[in-house]
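Hi everyone, thanks for making time.

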Amino acid sequence: MRRHLLIAAGLLLVATNALVLAGAAYNRAEPPEATMQLTERELSLGWVGRDQEDSGIDVELELTDCRPDWFDASKLQPLGFDVQLEKVCDHHYDALPRLGYVVLEMEGPAWEAWLQKQVAEVEKAREVVARGDREPEYLEDKREYLRQVRDRQSRLLPVDVGPDAAQLRSRYPDRQRYLVMAAKLRMYCTADAQENAPPLRLEGRIIALLPESLHVPAHLYATMERYANSNDGYNHWADKPRYQLSVQYGRRLEPWLTAVTPLEWTEKVAE
Amino acid sequence: MSSEMEDSYQAQARIDRINAFRTELAQLTQEGLAPPETLRGQWAGHHDQLLAHWAAQYEVDTSGSQKQLTLGMRIASLLGALALSAAIYLFFLHFWGGLALPLQVTLLVGLPLVAMLGVEWAARRERTRYFAAIVALVAFAAFVLDLSMLGRIFNVIPSQNAFLAWGAFALLLAYAYELRLLLVAGLLCLLGYLSATVGTWGGGYWLSFGERPENFLLAGALITTIGLLNLRHLPGFAALYRLVGLLTIFIAVLVLSHWGRVSYLPLPKDQVEIGYQLFGFLLAGLTIWYGIRRGWSGLINVGSTFFILYLYTRLVDWWWDGLPRYLFFLLVGFIAILLLLVLRRLHSYQRRATP
């Protein structure tokens, strides 16, 4: 009996690993679902420093705007959320997050619109300061934020969401501009302070992209380790990105890194 | 099934009865009620023979001091297992980063396989299986490391299926070597898998299964049921099934009795809370009753603990804000005395019913 159980445990080990490796091979089979060039702006080494107990290096996918305006009840309902406003806005109600798929656009029209929005904020701040309603530092803060957005913030913005990845891909066929990824999504009831807007509305938020981080493989390890150790005076918010990574997404929407290109980051941005 | 462990379990039970008998016999002798010398000699000789036989055949405790040493060895075995598992996990984490992919995969897949063979080797060489238990937990930890790291290396979108694999592996080792620690590890993994799967039935994301305690009730009930059925359980296994299952249910009910908003039930939260409070008391009472009926002290202990926990949390909820603190504790004290009187009455009733 013991022998049989031991053999079963061994077979389970082998079979499970075989399944995982086969799944990875299937995911990476040609052609890739998407191919993209992302810099440190989109794939960062994290903000809290390296864990000294862990020699592995991961880069985290950064997203700009996880609460897009378009993610309303019309997008929430197909995902399976119960969009009854009164029910959701009852403070005793707590909707569970759901798995869905999100389309991320890389430096496209959504990014341009986002930049223009920040430029408009700077113009508004200029008028406010000129009127004397705020101190000049307010305008400087807005300008600095615009610079950070322009030069450091991730250029990946969500442009759509849905329950069917294939359907989303058919709507956004450019595999070098658009990523379709699994994501954890949640529904909230929010109060809208704008004039002429309904007092309460439903909004969706992207809680987490799946997977959220990408492992740095062995052939890129030496290069990325230099950046991960961060002993070259690099400032995440002030300096330009140091590297560009080639990313591919597979049939199971699971990504992998294929190449790294160092970038010149020491030149300071003009004020 | 007459496994070696089941025989040693029965041998240990008999040894405990023999020691208790000898203690009582010594007491009777002191009180002037000693049996005839020849009879005492026969008993002593027979018992000495039995003790020597079992001590030679099994790893049993023939005295109180040996029992204490055994407890110490069990604690040491547990601590050793946990520490070695952590060491192996952290050791891999410390060095794996720069290794080539084939080497990473080979190490991850090979380590639990080698550890599994190590369990068999240790079990053949040492009948107490303390070392086998250590190596078995290391094998389990290595399998957890294996799948976790492969998931990280290949950027796999996480799912609850890993819990199923880990749980099955732990249970197979637990039953192969009769290791209770691995049984608990396996049950906890299966609990996670079942609860996460139940959570996805409602469309929720699997990792959020902890946000709805009701996800745990089905899994807890299944595990408890296995412990209640008259199956050919290995020694101590049935009690662990009951313990893990009941703890799961009781804790879930405790949470729901305080936070009704996290329930699936489409009812006002106050009604949900009251419903689960009543259910909790009923379940605790049933557990105590069934434990008394079957003579399972584990059930009685778990039922009593949660009955008291439910009662005291209710008292705090009702009276803590409304009463002066001294009055609150005075009332709690009186209720405790009342409980004591009720339980004492039950105790004497049971004594009269079963002499």
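One term before we start: a crossing of two helices is called right-handed if the near helix is turned clockwise from the far one by less than a right angle, and left-handed if anticlockwise. And keep in mind that this is a predicted model.

Okay, chain B. By that definition, α7(B) makes a right-handed crossing as it passes α8(B). Helix α7 of chain B covers residues 180-201 and helix α8 of chain B covers residues 215-228, and they pack with their axes 8 Å apart, at an angle of about 135°. That angle is why we call α7(B) oblique to α8(B).

Which residues of α7(B) and α8(B) meet? On the α7(B) side, they include B:L187, B:L191 and B:L194, and on the α8(B) side, B:F216, B:L218 and B:L222 are among them. The residues of that contact split into 9 nonpolar, 3 polar and no charged.

Now over to chain A, for a sheet. Strands pair through backbone hydrogen bonds, either parallel or antiparallel. Here we have 3 strands in an open sheet, ordered β2-β3-β8 in chain A, with antiparallel pairing. At the edges sit β2 (43-44) and β8 (213-215) of chain A, each pairing on one side only.

Last stop, where the chains touch. Chain B puts in 41 residues and chain A 37 residues. On the chain B side, α6(B) gives the largest share, 7 residues. That side of chain B divides into 27 nonpolar, 7 polar and 7 charged residues.

Key:
Residues are numbered from 1 along each chain as its sequence is written. Chains are lettered from A and ligands numbered from 1 in the order in which they are written. This is a predicted model: local features need pLDDT of at least 70, side-chain atom pairs count only at pLDDT 80 or more; totals for chains, interfaces and linings use all residues. Axes are lines fitted to C-alpha atoms, for helices over the stretch in contact, and angles run from 0 to 180 degrees between N-to-C directions. Helices (H or I, at least four residues) and strands (E, at least two) are DSSP runs, numbered from the N terminus. Angles under 35 degrees count as roughly parallel, over 145 as roughly antiparallel, 65 to 115 as roughly perpendicular and the rest as oblique. Two residues are in contact if their C-beta atoms, placed from the backbone, lie within 7 Å. Ala, Val, Leu, Ile, Met, Phe, Trp, Tyr, Cys and Pro count as nonpolar, Asp, Glu, Lys and Arg as charged, and the others, Gly among them, as polar. Two strands pair if DSSP finds at least two bridges between them.
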